[in-house]
Amino acid sequence: MDLDAIRDALLAFAPRLLQGQAGFFARYAMAGAGFVVLALALRRTSPAVRTWGLVAGSFGLLVYSTTPVVAALFAAYLVVFYVVVEFVPRGHPRTALLVALIAMQTIAPVYWLPLLPGYLGPVGNFFAFATNITQLRFWGYAYDRSRRPEPERPSFGDYTLFMLFFPAFVNGPLLSHVEFGKAKLDWYWSDGDRRSLGQVLREERSSFRRAFVGMAIGLLTMTIVYSYRHPMYDAVLSGGTSAWPNAIYTYLWWYLAFTGWTEAAIGIGRLSGIVLPENFDRPHFAYGPAEFWRRWNMTFMIWLRRYVYLPLGGAFLRGRDGTRHLEWRNTFVVFAMVSLYHLLGGFKLLGPHLSSFGAIIPYTIWTVANAIGVIATRDWQRPERLGWGGAAIIAATFLFISAGHMTSMYPADGPMAGLLTAY
């Protein structure tokens with residue numbers, strides 16, 4: 001074994017850990033570790049101090065990850081949104097204000113914030129990722145408070161902690177503010193809990209493990225993505241059978257990076273007193289596309305069902321003759337919404353001048369294929385014993401979804417004929 005060669009390879013590989021998305025995730029992991037230390041230090045304080053201490057810690061990490069000006073603007077936005085939701089009378093003016101405020105989380109990162117000094121680069125990447133999630137969080141909060149308000153108004157401290165809670169701030173998992181309030185762990189939030197810190201840490205060993213494993217998986221996967229993503233697409237354009245390994249590769253790195261981030265967030269969240277929900281349930285073993293989307297990025301799917309699909313009428317509408325009809329339109333709207341969400345996220349990351357409208361074509365194909373796949377398999381029931389037929393369906397589902405991931409991630413500046421080559 002050539003130890004010098006191994007050393008040289010590691011030294012060449014190490015800088016990649018702090019570049020691109022890998023570096024972005026590495027900074028999140030280090031900030032998350034600091035957040036856990038702060039949370040544990042606040043455990044024996046009063047509930048109000050605990051809440052505002054975690055808010056201060058989250059805001060401090062926002063300042064660290066962006067700039068003081070960007071963080072101050074977001075803090076002002078938090079206050080304005082709370083005032084509009086909780087104190088402006090319901091009606092069309094309030095709805096228009098909320099729509100404008102939510103839209104601002106797309107407009108500002110694309111057109112306004114890049115004009116600020118120090119925004120471009122890592123700061124812009126962080127805020128683009130974060131606003132993809134916070135936009136959904138604010139939307140859900142406004143909808144719930146408008147349509148399903150609780151008997152009491154949430155306190156400003158609880159609202160701010162829900163919006164800023166650092167482990168879930170950048171990339172989820174998503175949950176509603178009501179679910180967030182119910183997700184508080186007794187050992188952290190109950191004043192009657194007399195367990196020592198040592199006892200708690202021993203009981204939360206699995207949380208440490210999830211955080212560490214998630215950080216390792218996410219860091220390594222994003223490093224590989226940063227290094228090898230584009231060469232794989234170049235291979236696809238050369239023709240042959242290279243599209244098959246590229247499709248599977250695209251799914252695997254997407255899944256590993258995303259689930260690694262989720263595992264890290266859940267572990268860091270539990271160690272900070274909040275149980276964040278699971279986000280993946282072995283989606284690659286799904287029995288048909290409909291089941292896949294019940295297993296993949298589950299909190300986002302729940303968000304789409306709660307705030308888009310059901311308000312449009314859900315799966316069935318009752319016709320004038322009293323019969324119920326399958327509402328295919330709403331399924332297409334949901335997947336179109338997912339495509340638009342990711343396209344706008346690309347504009348935030350790259351800017352309107354660097355982003356290509358050619359990305360609309362791959363996402364349109366992705367939208368149509370997945371909507372049809374879900375409608376066609378909506379009523380499928382997984383048999384108790386799969387057999388060869390069931391295994392074939394799982395394999396076919398995996399390949400279908402992998403091809404979809406490859407399509408949606410097709411480089412926007414690539415020739416559209418390359419999609420035909422891939423297929």
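How are α4 and α5 oriented to each other? In this predicted model, helix α4 (residues 68-87) and helix α5 (residues 92-112) pack at an angle of about 155°. Angles over 145 degrees count as roughly antiparallel, and α4 and α5 are therefore roughly antiparallel to each other.

**Helix packing**

Two packed helices are described by the angle between their axes and the distance between the axes. For α4 and α5, the axes lie 10 Å apart, and α4 passes α5 in a left-handed crossing. On the α4 side, the residues that meet α5 are Y77, V80, F81, V84 and V85. Their partners in α5 are R94, L97, L98, L101, I102, M104 and Q105. Sorted by class, the residues of this contact of α4 with α5 are ten nonpolar, one polar and one charged.

Helix α5 also packs against α6, with axes that come within 9 Å and cross at roughly 170°. The helices α5 and α6 are therefore roughly antiparallel to each other as well. From α5, the contact takes in R94, L98, I102, A103, Q105, T106 and P109. From α6, it takes in F127, T131, T134, Q135, F138, W139, A142 and S146. The contact of α5 with α6 has eight nonpolar, six polar and one charged residues.

**Aromatic pairs**

A pair of aromatic rings is described by the distance of the centres and the angle of the planes. How many aromatic pairs does the count come to? It comes to 45 aromatic pairs, where rings of Phe, Tyr and Trp pair if their centres lie within 6.5 Å. Two of these pairs are set out below.

| Ring pair | Distance of centres | Angle of planes | Kind |
|---|---|---|---|
| Y77 and F138 | 5.2 Å | 85° | edge-to-face |
| F258 and W296 | 6.4 Å | 85° | edge-to-face |

Planes over 60 degrees apart count as edge-to-face, so Y77 and F138, with planes at 85°, form an edge-to-face pair. Y77 lies in helix α4 and F138 in helix α6 (residues 122-147), so the pair ties together parts that are 61 residues apart in sequence. Both Y77 and F138 are buried.

The planes of F258 and W296 are also at 85°, so this pair is edge-to-face. The pair links distant parts of the chain, 38 residues apart. F258 is in helix α13 (residues 243-271), while W296 is in the loop between α14 (289-295) and α15 (298-309). Both F258 and W296 are buried. F258 and W296 also belong to a cluster linked by ring pairs.

**Backbone exceptions**

Most residues other than glycine have a negative phi, and most peptide bonds are trans. Where is a cis peptide bond found? A cis peptide bond joins G172 and P173, with omega at about 5°. P173 sits in the loop between α8 (166-169) and α9 (177-182).

R282 is not a glycine, yet R282 has a positive phi of about 45°. This residue, R282, is in the loop between α13 and α14. N297 is a residue other than glycine whose phi is positive, near 45°. The loop between α14 and α15 holds N297, and this loop also holds W296.

Is N297 buried or exposed? Buried means under 20% relative accessible area. N297 has 10% relative accessibility, so N297 counts as buried.

Technical notes. Residues are numbered from 1 along each chain as its sequence is written. This is a predicted model: local features need pLDDT of at least 70, side-chain atom pairs count only at pLDDT 80 or more; totals for chains, interfaces and linings use all residues. Side-chain values use heavy atoms; hydrogens and water are left out. Axes are lines fitted to C-alpha atoms, for helices over the stretch in contact, and angles run from 0 to 180 degrees between N-to-C directions. Helices (H or I, at least four residues) and strands (E, at least two) are DSSP runs, numbered from the N terminus. Angles under 35 degrees count as roughly parallel, over 145 as roughly antiparallel, 65 to 115 as roughly perpendicular and the rest as oblique. A crossing is left-handed if the near helix is turned anticlockwise from the far one by less than a right angle, and right-handed if clockwise. Contact means heavy atoms within 4.5 Å. Ala, Val, Leu, Ile, Met, Phe, Trp, Tyr, Cys and Pro count as nonpolar, Asp, Glu, Lys and Arg as charged, and the others, Gly among them, as polar. Rings of Phe, Tyr and Trp (its six-membered ring) pair if their centres lie within 6.5 Å; planes under 30 degrees apart count as stacked, over 60 as edge-to-face and the rest as tilted. Buried means under 20% relative accessible area, exposed over 50%, partly exposed in between (1.4 Å probe, protein chains only).
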